[in-house]
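Biologist: I've got a model open and I'd like to learn how to read it. Can you walk me through it?

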Amino acid sequence: MSPAAASGTSPVRVRECARPECTRLFVDRSRGGTRHWCGMEECGNRVKAANYRYRKKG
């Protein structure tokens with residue numbers, strides 16, 4: 001039995017955080033498999049805030 005099968009997760013669901021400065025891996029347990037960040041508190045908030053500032057600046 002593979003480690004992925006034993007843990008009940010698919011290897012496809014192990015992802016790297018989308019924030020370029022972050023090196024974390026995480027298991028995407030979202031229903032649609034569309035999670036992008038290791039955590040919203042740190043990485044997701046920074047990316048969304050940077051995108052907002054870019055839109056308002058331009």
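Biologist: What does the accessible surface of the chain come to?

Modeller: Accessible areas come from the Shrake-Rupley method with a 1.4 Å probe, and for residues only the protein chains shown count as cover. Here the chain has about 4800 Å² of accessible surface, with 52% of that belonging to carbon and sulfur atoms. Keep in mind that this is a predicted model: local features need pLDDT of at least 70, side-chain atom pairs count only at pLDDT 80 or more, and totals for chains, interfaces and linings use all residues. Residues are numbered from 1 along each chain as its sequence is written, and side-chain values use heavy atoms, leaving out hydrogens and water.

Biologist: In what order do the elements run?

Modeller: Elements are DSSP runs, numbered from the N terminus: helices are H or I with at least four residues, strands are E with at least two. This chain has two helices and two strands, running α-β-β-α from the N terminus.

Biologist: Is Arg19 buried or exposed?

Modeller: Buried means under 20% relative accessible area, exposed over 50%, partly exposed in between (1.4 Å probe, protein chains only). Arg19 sits in the loop between β1 (14–16) and β2 (25–27), and is buried at 13%. Leaving aside residues up to four places away in sequence, Arg19 touches Trp37, Glu42, Cys43, Arg46 and Val47, where contact means heavy atoms within 4.5 Å.

Biologist: How many disulfides are there?

Modeller: A disulfide is a pair of cysteine sulfur atoms within 2.5 Å. By that rule there are zero. For Cys17, the nearest cysteine sulfur is that of Cys43, 3.8 Å away; for Cys38, the nearest is also that of Cys43, at 3.6 Å. Cys17 is buried at 6% relative accessibility, and Cys38 is buried at 15%.
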